[in-house]
Amino acid sequence: MIIKEAIRTLELDRILRRISDYGHSGASRDAIRGISPLADIGKIERRFGMVEELRSLAAQGTPLPLSTFEDISPLLGKIRPQGAILAPLELVSFLPFLRVLSAVAAQMGYRSDIPLLQDLAGSVTGFPDILEPLERSLDSEGNILDNASRLLFDLRSRKRALTARIRKRLEEIVREREITVFLQDDFITQRSGRWVIPVRMDSKGQVPGVVHDVSNSGETAFMEPLEIIGLANELENLSAEEKVEEIRILREICGWIREDGEEIESQLAILVHLDLLNSIALFADSLDAHVPVVGDSQVLTLVNARHPILMLLQRDLGKGETVPLDLSLGGEDSVMVITGPNAGGKTIALKTAGLLLLMALSGIPVPADETSVFPLVDRLLADIGDEQSIESSLSTFSAHVANIATVLGAAGSRSVVLLDELGTGTEPLQGAALACSVLQELKEKGALVIATTHLTDIVGFVHRREGMVNASMEFDRETFTPLYRLKKGEPGQSHALEIARKYGIPNAVIERAHHMLGRMETEFHQLLDDLKSQRLACEGTLSDLERRGRILAEQEKVLALRRSGWEVERKESIEKAYRDAREIVAGVKREANALLEEARRERSRASLKKIAGVEEKIEEKLRELGGEPPLSLDQVHEGDTVFVRSIGFDSVVRSVDARSGRIRLSFAGKELEVALADIAPRKGATPKPSRKTRKKEETREETPLQLHLIGLRVDEAVKKLEPFLNHASLDGIGEVRIVHGKGTGALMRGIREYLDSHPLVESFRDGEPFEGGSGVTVVRIRQ
């Protein structure tokens, strides 16, 4: 359990207040300010996951569609009793909530990349059956609209018409000559809901009607003329009916809300939780925060960590960047003692570690690298700051001791302890002895401890103990300014005299203080200076080695690039070949289109042969680009074995027709004729012998008995028809059907001209009525 005092001391409450500024309702802001560290890794990771999904949505330009909505929980409680009715203005409070809910439901409905949010809010509906009548019935100020019901629309229309009649008659009355002389003025107004005219008090008996009011001066009587009383009474009756209908509408809407009350309350809780998560996501984006690792092991690692409150303050004031903090604790070393000058950043480092741990355990991304690691702890115990209390008669030292006593009593193996200015506030030797004993006790309990101090005796104790490590905040000894960087394994110095000199203490006082320092103290600080000098020298050597390593890495990259040069050249060659292919295809397409146009005009077999020639030319060019040498007529002789692309097997050449450029082949005991472009050098592809006469080769599918060519151009149809006839002949099929449709007849004529000269076609005819009539050509294959 993380005690509230640690949360207050480390200022998590300030972070939560900043996050709550992003909330869209009072309920959301209250929920955000009530966030506390979680004790279950699964819950922490789930919150992190949902926050990251929301950040991803925002990065994609589709953030969660949230806007201001009210906490309607009190209204749901008010409407719960049977027959209870809310005022129109109270019902208006439901509109923003239902609109936001509907927008969220719409977004959740089509997203599949946000599984955690879908699990949380995938059941949200937005209650369209309540939202639609509410929007139709009420405006933003709580007025009931005419469209709330058909009856209400009719009543109000009649009221407006009757009011217009009354006003018109009153305007006529005030203009009548026999009435005008008795009027105080010529305007029309209302008194007590009745339409009246202003009559002089001394003439009220001259105008037939009823007095409803008298002016403050007593000189004017506001009278309702007798002849409009009937109309006014009718108007009152319509107003009463209108009121009854309005109450009925409100009761009906309230009844719908009451029926879904529990589900509305449930979806309100979901919306508040979404708003909480979205506020965390927006806050994380403002700090460029990341999701760290939270684990069961007692390891605390901060990488490029920054104090969020300090970041916000510096951003608000327009100052520079916060210096990042790197810190690692756990494993071999469970206790770290940080030393260094005043105002050097020791306490900030302490608070940064504590606050970021609280944020991580609360499922809030932290301003540190995602490689940062935080332990799942039961307790975070802190003694930071001056807790001096006059009321409790506590001095600074007494307050610290009281806090440390509480820490010692609560600390365990799953605790993190933060102690600021350990051992101060009393006599240095006794304070250091007490501090060392406290550190030893906490280490034996298995807690992770980060402490700050100025006492050199504590530094020596830590240096001699296993499991403890010194650290320091770096300090520029030339300018006497803090650098705010933590250095592990190296104790720091207070530099009190140097800082005092910088801030104006006379030199004589400083020199006297130097003489008063003990010899051993001086030697100790000299030792620290020597260690720092050696460390700087080692860092210089390490930097030089890293520089050389980078040079070697660059050289390796150059060599790798040279080795991969041939791959780049190969890709460029392929790209050039594709470009050439596109140019060839584009040119041939233009030529083919011209031939097609000629074919449409002439409908001749010569044009079809030209198209076939163009197709062969395309195939030849593509084979050249593909690296496969084309065969010429001179290379093909009777008896040769060649590969036939359209059937996928080798076949034997029976004859060569040099004039038409076509080759007659023998395959599987049958003959077929193909274009020269359809053959290639022998590849050794022969069909596997079938064990049963009815079993087809496994290398290709069974040839269908019907070919559909409807919608194709003649050249496209011929291209599909050639291999179809070849396969039909090879499979021993005696008759096939070509479906070309009727249309203009151009496709049918082109196909039949092609079939008329085909060597595999014995005859062809129109289809019978049951076969498709003239839209089908039935072809008889030579056997």
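Reply: A cavity here is a set of points, on a 1 Å grid over the protein atoms alone, where a 1.4 Å probe fits but cannot get out, and lining residues have an atom within 4 Å of a point. This is a predicted model, in which local features need pLDDT of at least 70 and side-chain atom pairs count only at pLDDT 80 or more, while totals for chains, interfaces and linings use all residues. Residues are numbered from 1 along each chain as its sequence is written, and side-chain values use heavy atoms, with hydrogens and water left out.

The structure holds one cavity of 30 Å³ or more. The largest cavity has about 100 Å³ of space, a volume being the space filled by probe spheres set on the points, which are joined across faces, edges and corners. Its lining consists of 14 residues, and His 400, Ile 404, Leu 422, Gly 423 and Thr 424 lie nearest the centre. Two elements give two or more residues to this lining, helix H16 (396-410) and helix H17 (428-445); helices are DSSP runs of H or I with at least four residues, numbered from the N terminus. H16 supplies the largest share, four residues. By class, seven lining residues are nonpolar, four polar and three charged, where Ala, Val, Leu, Ile, Met, Phe, Trp, Tyr, Cys and Pro count as nonpolar, Asp, Glu, Lys and Arg as charged, and the others, Gly among them, as polar.

As for confidence, pLDDT is the predictor's confidence in each residue, from 0 to 100. The chain has a mean pLDDT of 83, with 84% of its residues at 70 or more. Over residues 388-394, pLDDT stays under 50.

How values were computed. On a 1 Å grid over the protein atoms alone, a cavity is a set of points where a 1.4 Å probe fits but cannot get out, and a pocket is an open set with protein on both sides within 12 Å along at least five of seven lines; lining residues have an atom within 4 Å of a point. Contact means heavy atoms within 4.5 Å.
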